[in-house]
Amino acid sequence: MTVDALITETADRLFGRLCTHDAVQAAEEGGGAPEIWEAFTETGFAWISLPEEAGGSGGTLEDALEVLRLAGYHAAPIPAAENGILGGWLLASAGLELPEGIVTVAPGTARDTLKVADDGTVTGSVEMVPWGRGAERLAVVCGGVVASIPVEAAVVETKMSLAGEPRDTLTFDGAPADVVDAPVGVDSRALRFRGALSRVALMGGAIEKMSQLTVSYTNEREQFGRPVARFQAVQQHLVWAAQDAALARMAAEAAGAAASRGEAGFEIAAAKLNTNQAATRATKACHQAHGAMGMTQEYPLHHYSRRLWSWRTEYGGTTEWAKWVGEAVAAQGADGLYPAITGGSAALI
Amino acid sequence: MRFTPTELTDDELALQSDVRDFLAAELPPGSYMPGLGMSAASDRAFSKKMADRGWVGMSLPKEWGGHDRTAVDRFVVVEEMLRWGAPVAYHWVADRQTGNIINKFGSDEQKTRFLPKICAGELGFSIGMSEPDSGSDLASVTTRAERDQGGWIVNGTKIWTSNAHQNDWFICLLRTQPLESGGNKREGLSQFLIDIHDTPGLELGPIPFLNGEHHFNEVSFTDVFVPDENVVGVPGMGWNQNTTEMAYERGGPDRWLSVFSTVEQLLREAEGTAMGERTIELLGELAARWWGIRNLSLSVARLIDSGHAPSIESSLVKEMATRFELETIEKLVELVDTELSLESESLFEQLLSQCVLTGPGNTIRGGTIEILRSVASKGLQGLPV
Ligand SMILES: Cc1cc2nc3c(=O)[nH]c(=O)nc-3n(C[C@H](O)[C@H](O)[C@H](O)COP(=O)(O)OP(=O)(O)OC[C@H]3O[C@@H](n4cnc5c(N)ncnc54)[C@H](O)[C@@H]3O)c2cc1C
């Protein structure tokens, strides 16, 4: 399946126009970017891939991932993933209403204490909730139910990711919620994989942008009477970053294609693992090639590198996914190792 | 630069399954010593069997004994052979590159003479590019061919010629016009087809590998006569033809499967035992990386089939993939943390020993990673390569 070029062009133009350096910086200081979010919802991208019957704007998962890739490419400071393929997906698949405003999601940390009581009220707290403070509803999946909780009922403790994006702690005390039984295939494991897939798409875009920025910066910056890109030691950074950009984007697209066909645990796990490692290497290479300029707020490199540092640990860091893939392939035995690599989830026993 | 994701079609998957069946029947695990990817053993009978299946010279035209198959079909066959550690060395170079060069630039007479034999798995080629004073700076080769009645007289020396002692012919890059001072090194070079074992004045000798194995050779020419009909393409255009040849060398499964048979054996020997956490994690990292790199490499093959010459893409993949191979070897050594020996009781340890000893060549052969980086970086910056 390929994504309609119109989606790519529209999203690229939209983010390109709105996510200027100043706008991304301002979003960080203000804890959100309402104008960017509004323009994003006007295009219908906010609900892309959610069925029209449920109040979504239709389209495929791959369409949604392409929009996320471009959101990553432009460092769009909005909860595009939370509202769409994560929180929106939870609500829509459970038959719960999509709100007017933003729906965000509790990614699920080891410290979360939130419980849904039999009377449909929720008590406890969830951490690292993206844009919690600006959301209308919080979607959670736990204990066999999906709940849509009004954020106005929460005590919000504002916190930030390494990228300066909101990652808030929300605490509830007997808050009323819309609660339904989770349908088959909708559980915390499924959310973790979808979350990982969303991060992989965002990261693929961000690494590509960072790699391009580094090629242009090193061609403009002169030392010893020539552009620093003429030095082989610098060229090495350019090549390594470009490889990681290619690897991450390929991983994201291949995992997206598998996920839209069905079971894609292997592809998503392998993609997140590759992309986490690619992010580590590429941020190192791109920062090094930028010298001190890359360490400033004024120059945009950090809009991408800090997001990558934050995304690489969200929905599973390198060790978690290495373990997952390792166990999956070890279970195949030696004869099944290569078939797993070529055939992915479909070949796993 | 854009790597478009692609997947195997049903026909390609059927081919993959044929190759797997063939290998399971011909080389059941435990019945042979697996090779390290393209550094596999040379076995004429095995090459012949593959050729009988139509798996050698696949992408060459039917007219010349080939099969008119795609680069992706060849990719499918090659990746299975290499991950199995099958003995593909005899037809390796002829299949990967020399056949293509002859098909692309050779005369009809050369095509008749060489291609059917290559496709039959009956003609092994080596590569005669490097010289004592010309490695990375390949265009500086000085082995010269001078005009003579009906042909050329060749003098000079080629080195590092892999498997020349086991193959039949080699394709040599020679200087046919003297390099004038300030002249363009890339002009005046020509490609010659030369019989390694039946050419008066040609001397072949081993250059023992660091572990004592016979892999490298030195080939010296003293007034060797090569007839005109053995010059490939247009005399003087050898550099461009040779560059085309290099494109076939880069970015394929041979650049990321050298360590696969070793890792597979690790898993085989661990079966039935509880694997440690570090082993599991390393296995996960490797499988994921193979999955990622394979997707990139397959997309390069698809690009070739759609008529592109993805030289930047294939340099990027090859540079990344061969570094990954070396990192893998290092991580395996750290994981097992034991005294390695080629005579170990464990086949895995034997293979890992061989990886340690031969691994450094992976990032050198076919153009060093430093040279690949400079090719790729020019491409990234939009400069002429
Ligand atoms: C296992 C193996 C098999 C081989 N088989 C064959 C074969 O069959 N036929 C054949 O013709 N050749 C063969 N070769 C030779 C191979 O092509 C050369 O080794 C390779 O091109 C590098 O040349 P060199 O060894 O002379 O190194 P050099 O060119 O001397 O390089 C030494 C070091 O300097 C670096 N360097 C050189 N120039 C530059 C530059 N411009 N910028 C940055 N760094 C630079 C290199 O990257 C390397 O690290 C084989 C090599 C190996 C290891």
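**View 1. Where domain 1 of chain B meets domain 3 of chain B.** In this predicted model, 20 residues of domain 1 of chain B are in contact with 25 residues of domain 3 of chain B; contact here means heavy atoms within 4.5 Å. Chain B is split into domain 1 (10-123), domain 2 (127-236) and domain 3 (251-380), with bounds that come from an automatic or database domain assignment.

**How to read the views.** Residues are numbered from 1 along each chain as its sequence is written, while chains are lettered from A and ligands numbered from 1 in the order in which they are written. Since you're looking at a predicted model, local features need pLDDT of at least 70 and side-chain atom pairs count only at pLDDT 80 or more, while totals for chains, interfaces and linings use all residues; side-chain values use heavy atoms, with hydrogens and water left out.

View 2. A salt bridge is a side-chain nitrogen of Lys or Arg within 4 Å of a carboxyl oxygen of Asp or Glu. The count between domain 1 and domain 3 of chain B is four salt bridges. There are also seven residue pairs in polar contact between these domains (both at pLDDT 80 or more). A polar contact is a pair of N or O atoms within 3.5 Å; within protein, one must be able to donate a hydrogen and the other to accept it, and residues adjacent in sequence count only if both atoms are side-chain atoms.

**View 3. The ligand and its surroundings.** Residues from chains A and B surround the ligand, so the site is shared between chains. Of the 17 residues around the ligand, B:I127, B:S130, B:S136, B:S162 and B:T368 come nearest; a residue counts as near if one of its heavy atoms lies within 4 Å. Domain 2 and domain 3 of chain B each give at least three residues to this shell. Sorted by class, the shell has six nonpolar, nine polar and two charged residues. Ala, Val, Leu, Ile, Met, Phe, Trp, Tyr, Cys and Pro count as nonpolar, Asp, Glu, Lys and Arg as charged, and the others, Gly among them, as polar.

View 4. A backbone N or O atom of B:S130 sits 2.7 Å from an oxygen atom of the ligand. For B:M129, a polar backbone atom is 2.9 Å from a ligand oxygen, and for B:W160, a polar backbone atom is 3.1 Å from a ligand nitrogen. On its own the ligand has 960 Å² of accessible area, and the protein covers 65% of that (areas by the Shrake-Rupley method with a 1.4 Å probe; for residues, only the protein chains shown count as cover).

**View 5. Chain B against chain A.** This contact takes 48 residues from chain B and 45 from chain A. The two chains bury about 3900 Å² between them, of which carbon and sulfur atoms give 67%. On chain B, B:W291, B:R373 and B:Q381 supply 17% of the area buried against chain A, more than any other three residues. Look for three salt bridges across this interface, including the one where the side chains of B:R2 and A:E253 meet (3.3 Å, N to O).

**View 6. Domains 1 and 2 of chain A.** Chain A is divided into domain 1 (1-78), domain 2 (102-183) and domain 3 (188-344). Eight residues of domain 1 of chain A touch nine residues of domain 2 of chain A. These two domains bury about 560 Å² between them, 63% of it on carbon and sulfur atoms. A:E28, A:G31 and A:W37 supply 60% of what domain 1 buries here, more than any other three residues. The salt bridge count between the two domains is zero.

Key:
Buried area is the accessible area (1.4 Å probe) that two parts lose on being put together, summed over both.
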